[in-house]
Amino acid sequence: MAWLWGRGKRHQVGQIEAAGDGRRFLWLGERRHVADAPYVLPSDDQEINRLDFQHYMLRYALRRNFAAPLNRPASILDIGSGTGRWAMEMAQLFPNTNVIGTDLVEPKADNLSNGIGKRPDNYTFVQGNILEGLPFADGTFDFVHMRLLLFAIAKETWPAVARELVRVTRPGGLVESVETGPQRDGGPAMDTLVQWITEASARRGVDPLLGPHVAGFLENAGLKNVVKREVLLPVGTYGGRLGNMAAADVFGVMTGVKQLVVAQGIAEAPAYDAALAQVRIDLDRMRCTLPFYIAHGQKPK
Ligand SMILES: C[S@@+](CC[C@H](N)C(=O)[O-])C[C@H]1O[C@@H](n2cnc3c(N)ncnc32)[C@H](O)[C@@H]1O
């Protein structure tokens, strides 16, 4: 069995790492994944860096952190909060609001001695698993936000997840979802990578094509006045600085799931690398795009 280096430590391929709080991680190549959840993407320092980068890319592209018509919310919940970047920015924007981020995995604090990176006092992290029900009472939050959990939720679980979002929202409160979908017009090599990643996801019960359907799940869960919007980001230098950012993000995701695809025997590592190299050549010629699906609605009073 091969040994590889991750986070400065030596890890056997397929090695299980137990975290002190009972969580377990699975090492695949040099990438660490959560062991006991369908989540397809890695959960390691490299992925934290990508999520931070992606947050700034989305804020730049969408020009703000939310689309719902917020009116001085007293409480906000961010589900699958990742690095906590979105929740902490919301806590800074609304200093009188109680903002909670919840995720399977608590992100490391920045811990800089000069105070830079200190978490806002009105922001708290609470460990939680959206698939097992959230540790909050009915009707707790004015605004419930969930962004980019598509690779974490098994297809048949989506209706229950949407009901859970609505359950923890107060009557009259708002829910917002932001999801993505496969790249479009990336060329044949991109289509092959998307097919491999879709297959790897399907083996965990996850369907990465559900992004445009989340608005419908929220409506079925009882939300009213649902507004939905699709935003297409350019991927590649043809799209200027935003296009370059989106390309870096897309390659971050595709590189991140390579070991999972290889471990599942869906593709060999050299074939995966060759497809990635071809995508770099094709992107601009094909004018590739990456969709984001934004939906928000209100829980009836
Ligand atoms: C792609 S990241 C998105 C993070 C953040 N929402 C953002 O937009 O930057 C998905 C996050 O969902 C978390 N996650 C995966 N499965 C989860 C679950 N069952 N319950 C709660 N969080 C989960 C992961 O740990 C990861 O931080």
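Which residues do ring pairs link into a cluster? Let's find out, keeping in mind that this is a predicted model.

## The aromatic cluster

The residues are F66, W86, F94 and F143, joined into a cluster by ring pairs. The count of aromatic pairs comes to six. In the pair of F66 and F143, the ring centres are 6.5 Å apart and the planes meet at 70°, over the 60 degrees needed, so this pair is edge-to-face. F66 is in the loop between α1 (45-62) and β6 (75-79), while F143 belongs to strand β9 (residues 141-147), so the pair links parts of the chain 77 residues apart.

## A stacked pair

Now look at W196 and Y272. Their ring centres lie 5.9 Å apart with planes at 25°, so the pair is stacked. W196 sits in helix α4 (residues 188-202) and Y272 in helix α8 (residues 269-286), 76 residues apart. Both W196 and Y272 are buried.

## Charges over rings

## Around the ligand

There are 16 residues around the ligand, and G80, D103, N129, I130 and R147 come nearest. The shell divides into nine nonpolar, five polar and two charged residues.

Polar backbone atoms of G80 and L104 each face a ligand nitrogen atom, at 2.7 Å for G80 and 3.4 Å for L104. A polar side-chain atom of R147 is 2.7 Å from a ligand oxygen atom. Taken alone, the ligand exposes 600 Å², of which the protein buries 96%.

Note on methods:
Residues are numbered from 1 along each chain as its sequence is written. This is a predicted model: local features need pLDDT of at least 70, side-chain atom pairs count only at pLDDT 80 or more; totals for chains, interfaces and linings use all residues. Side-chain values use heavy atoms; hydrogens and water are left out. A residue is near a molecule or strand if one of its heavy atoms lies within 4 Å of it. A polar contact is a pair of N or O atoms within 3.5 Å; within protein, one must be able to donate a hydrogen and the other to accept it, and residues adjacent in sequence count only if both atoms are side-chain atoms. Accessible areas come from the Shrake-Rupley method with a 1.4 Å probe; for residues, only the protein chains shown count as cover. Ala, Val, Leu, Ile, Met, Phe, Trp, Tyr, Cys and Pro count as nonpolar, Asp, Glu, Lys and Arg as charged, and the others, Gly among them, as polar. Rings of Phe, Tyr and Trp (its six-membered ring) pair if their centres lie within 6.5 Å; planes under 30 degrees apart count as stacked, over 60 as edge-to-face and the rest as tilted. Helices (H or I, at least four residues) and strands (E, at least two) are DSSP runs, numbered from the N terminus. Buried means under 20% relative accessible area, exposed over 50%, partly exposed in between (1.4 Å probe, protein chains only).
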